[in-house]
Number of protein chains: 2
Amino acid sequence: MDKEIIYDIRQFNRFYTKVLGLFNNHILDTDYSLTEARILFEISEETECIANNLVQKLNMDKSYMSRILRKLEKEALIEKKSSARDNRKNFLFLTKKGEEQLAKINIQSDQQINQLFSGLSESEIHEIHTSMMVIKEKLNKYNF
Amino acid sequence: MDKEIIYDIRQFNRFYTKVLGLFNNHILDTDYSLTEARILFEISEETECIANNLVQKLNMDKSYMSRILRKLEKEALIEKKSSARDNRKNFLFLTKKGEEQLAKINIQSDQQINQLFSGLSESEIHEIHTSMMVIKEKLNKYNF
DNA sequence: ATTAAAAGTGGACAAAGTCAACTAAAGGAG
DNA sequence: CTCCTTTAGTTGACTTTGTCCACTTTTAAT
């Protein structure tokens with residue numbers, strides 16, 4: 001693979017690390033950390049979500065996950081209901097409060113995106129969007 | 001801005017968070033953390049680099065930076081030379097050892113990129129590359 | 001000359017993440 | 001069925017990472 005392309009990709013990675021970093025710090029302005037927000041999000045997306053799914057998907061330590069879930073349960077954002085078929089598993093659900101909190105986070109996140117893209121024309125936004133889809137499709141296809 | 005586009009962008013961000021996360025954990029396999037690697041890299045790129053540049057560029061707390069730099073100095077990866085014109089500033093330089101360490105990290109990072117892109121055709125790599133350049137150009141232009 | 005801002009340091013602390021040992025349940029292989 | 005392995009999750013002890021604030025020193029600004 002061409003040296004210059006690798007250089008550019010690494011530069012992009014540094015650049016996008018900063019983009020994501022800024023987003024994440026904004027999320028931290030709410031009461032919940034990025035990770036907690038991600039967990040709420042994933043629980044809401046997935047039916048029959050269990051802790052281990054999250055561990056895989058978010059690439060986290062299971063003990064750490066266990067603690068975060070306990071915290072979220074304590075704060076009444078989520079509920080655990082143990083599986084009838086497999087007593088090792090707990091299905092995770094958002095409570096009403098959890099859904100509300102996630103909704104807030106979603107609104108904030110959408111605003112952040114809007115802000116980042118303010119000053120860009122429709123066609124520029126479209127170009128970026130297309131580019132993101134290309135990257136995701138291509139990399140997803142073979143490596144995740 | 002269109003709801004669906006925002007949705008896609010957030011999805012891309014989640015996706016790329018994972019990509020970067022995998023990279024970063026690999027860097028952690030070496031003796032230095034991602035942040036330390038970034039600092040070595042930035043010092044090597046910038047002439048007359050001072051701590052405060054790094055604080056801005058990497059979006060970090062200055063006391064934290066101070067400590068990391070002290071650690072790197074202690075391990076003889078960097079040197080500080082106080083500016084003649086402004087005694088508050090210390091110019092930062094890589095030592096020979098620092099350069100060697102950075103070279104190792106660079107090799108590893110290049111290998112990671114190669115690995116991520118293995119299985120993709122030339123034209124696919126080219127597409128991804130172009131897409132990255134588009135995103136960086138467009139977002140950089142107005143917002144950083 | 002006084003005040004304000006910039007650069008950096010240090011203490012105390014909190015948040016985030018890791019590691020290893022453990023329990024309990026489920027899924028085989030024989 | 002019994003033994004062994006795997007999966008899901010928890011707990012304790014710990015390290016790393018990151019934050020907050022007060023402080024010093026030096027430079028810039030009015």
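This is a predicted model: local features need pLDDT of at least 70, side-chain atom pairs count only at pLDDT 80 or more; totals for chains, interfaces and linings use all residues.
The side chain of Asn52(B) has an N or O atom 2.5 Å from a phosphate oxygen of DNA strand C. For Arg88(A), a side-chain N or O atom is 3.5 Å from a sugar or linking oxygen of DNA strand C. The elements that contribute two or more residues to the surface near DNA strand C are H4 of chain A and, from chain B, helix H3 (51–58) and helix H4 (62–74). Helices (H or I, at least four residues) and strands (E, at least two) are DSSP runs, numbered from the N terminus.

DNA strand C is surrounded by 22 residues, the closest being Ser63(A), Tyr64(A), Asn52(B), Arg67(B) and Arg70(B). A residue is near a strand or molecule if one of its heavy atoms lies within 4 Å of it. Of the atoms of DNA strand C that come within 4 Å of the protein, 58% belong to sugar and phosphate. H4(B) gives the largest share of this surface, five residues. By type, the surface near DNA strand C has eleven charged, eight polar and three nonpolar residues. Here Ala, Val, Leu, Ile, Met, Phe, Trp, Tyr, Cys and Pro are nonpolar, Asp, Glu, Lys and Arg are charged, and the others, Gly among them, are polar.

Two loop residues of chain A come next. Glu48(A), in the loop between helix H2 (34–45) and strand E1 (49–50) of chain A, is not a glycine but has a positive phi near 55°. Glu48(A) is partly exposed, at 49% relative accessible area. Buried means under 20% relative accessible area, exposed over 50%, and partly exposed in between (1.4 Å probe, protein chains only). Asn59(A), also not a glycine, has a positive phi of about 60°. Asn59(A) sits in the loop between helix H3 (51–58) and helix H4 (62–74) of chain A, and is partly exposed with a relative accessible area of 39%.

In chain B, helix H2 (residues 34–45) has twelve residues and reaches 16 Å from its first C-alpha to its last, close to the 16 Å expected at 1.5 Å a residue. The expected span is 1.5 Å times one less than the number of residues. The buried residues of H2(B) are Glu36(B), Ala37(B), Arg38(B), Ile39(B), Leu40(B), Phe41(B), Glu42(B) and Ile43(B).

Residues are numbered from 1 along each chain as its sequence is written, and chains are lettered from A and ligands numbered from 1 in the order in which they are written. Local features need pLDDT of at least 70, side-chain atom pairs count only at pLDDT 80 or more, and totals for chains, interfaces and linings use all residues, while side-chain values use heavy atoms, with hydrogens and water left out.

Methods:
A polar contact is a pair of N or O atoms within 3.5 Å; within protein, one must be able to donate a hydrogen and the other to accept it, and residues adjacent in sequence count only if both atoms are side-chain atoms.
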